[in-house]
Amino acid sequence: MAKVHNYSAGPCILPQEVIKEAADAVLNFDGLDLSLLEISHRSSNFVSVVEEATFLVKELLEVPEGYSVCFMQGGASLGFLISAFNMIGDHKKSAYINTGTWSDKAIKEAHFVGDVEVVASSKESNFNHIPKGFDIPTDVDYLHYTSNNTIFGTQFKEIPSTSVPLVCDMSSDIFSKKVDISKFDLIYAGAQKNMGPAGATLYIVKDEVFKRNRIKIPTMLNIETHVKKESMFNTPPVFSIYVSMLNLRHLKSIGGVEAQQKINEEKASLLYAEIDRNPLFKGVAATEDRSTMNVTFVLTDESKQAKFDELWKAANISGIKGHRSVGGYRASMYNALPVSSVQVLVDVMKALESA
Ligand SMILES: *Cc1c(COP(=O)(O)O)cnc(C)c1O
């Protein structure tokens, strides 16, 4: 089989060795002659998987003392509501930065639990940049933002500075670069962009959050329920957690987040350099806000589209069609995408000039 260069925006590329190991465990897990998929989640074999996954998250992200890590379900989309439920307090009001479709959806959910003030938005320019220089009120229970905007290809280069508790949807750039976890009260991320297969949602929460004056939270939406039971309050998404654990082991083996960050920066400079050099292409996101994970770009000459599509398909590139709300192309370069795949895309872009 020819190698496919997988630029899927999510679920996304995972390391081949991780997929292979996962396949083995589906057939025979831990030498039990049973599939990972047919054993009790409370068996000691699986309990150690959850423990290792939790430990690896803490180790790789350098999660400080006073924080807990757990895996829940519902994806980041339920995380929008869960974060609001768990963070709303005496002010009955929250602040949101609207930087795209996912922030927009988070804002919608926050309205179920309190008042929402959108303190900044780039909606009027189809989210092509990260808003800057806005004020954040102090009479809110928390500020929420989306660190990387998967659809529009923008990314916060700095953590917003604020005195109110900070909440972040880190779905599409967690484990891609170093972050100072101590700046946050709550982080959540769907597994399927940089951690593993869809199913699990990662929560990193400051324990202080549970001690605040909070509203009544339904059991399954209360992060404390899942933290107290070490992600085993009910049956967890076993496959997603297992493969995430394998992928985190893999990340550790290549040198951790810092080593991965260098690779991600190399991929991003390679592709953005070609977008800027090649007169046939133009980047969508404001230069200073460009995402290292999702690169959005368009052709400057629409008549070249058929030729470009033919060339990248022939090069075994998959998944670069842009999201319908942006158009053009989107190259998602999550952790497992090798630099060599980016070189293939760059070569195709060069080839278009002489085609
Ligand atoms: C993909 C994505 C989501 C949605 O995740 P689900 O797990 O499908 O609910 C939310 N936020 C961001 C930033 C995303 O990239």
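At what angle do helix α8 and helix α10 pack, and how far apart are their axes? Please bear in mind that this is a predicted model. Helix α8 covers residues 256-277 and helix α10 covers residues 339-354; the angle between them is about 5°, and their axes lie 10 Å apart. Angles under 35 degrees count as roughly parallel, and α8 and α10 are therefore described as roughly parallel to each other. On the α8 side, the residues in contact include Ile263, Leu270, Leu271 and Ile275, along with the charged residues Glu266, Lys267, Glu274 and Arg277. From α10, the contributors include Val339, Val342, Leu345, Val346 and Met349, and Gln343, Lys350 and Glu353 also take part. Sorted by class, this contact comprises 9 nonpolar, 1 polar and 6 charged residues.

I turn now to the ligand. Which residues come nearest to the ligand? Of the 13 residues around it, these are Ser77, Thr150, Asp169, Gln192 and Lys193. An N or O atom in the side chain of Ser77 is 2.6 Å from an oxygen atom of the ligand. In the case of Asp169, a side-chain N or O atom is 2.6 Å from a nitrogen atom of the ligand. On its own, the ligand has 390 Å² of accessible area, and the protein covers 87% of it.

What is the make-up of the shell by class? The shell holds 3 nonpolar, 8 polar and 2 charged residues. Helix α3, residues 75-87, gives the most to this shell, with 4 residues.

Finally, two points on the backbone. Most residues other than glycine have a negative phi, and most peptide bonds are trans. Gly10 and Pro11, however, are joined by a cis peptide bond, with omega about -5°. Pro11 is located in the loop between β1 and α1. Asp30, in the loop between α1 and α2, has a positive phi, near 55°. Thank you for your attention.

Methods: Residues numbered from 1 in each chain as written. Predicted model: local features only at pLDDT ≥ 70, side-chain atom pairs only at ≥ 80, totals over all residues. Heavy atoms only, no water. Axes fitted to C-alpha atoms, helices over the stretch in contact; angles between N-to-C directions. Helix = DSSP H or I, 4+ residues; strand = E, 2+ residues; numbered from the N terminus. Parallel < 35°, antiparallel > 145°, perpendicular 65-115°, else oblique. Contact = heavy atoms within 4.5 Å. Near = heavy atom within 4 Å. Polar contact = N/O pair within 3.5 Å; in protein donor to acceptor, adjacent residues only side chain to side chain. Areas by Shrake-Rupley, 256 points an atom, 1.4 Å probe, with all protein chains shown as cover.
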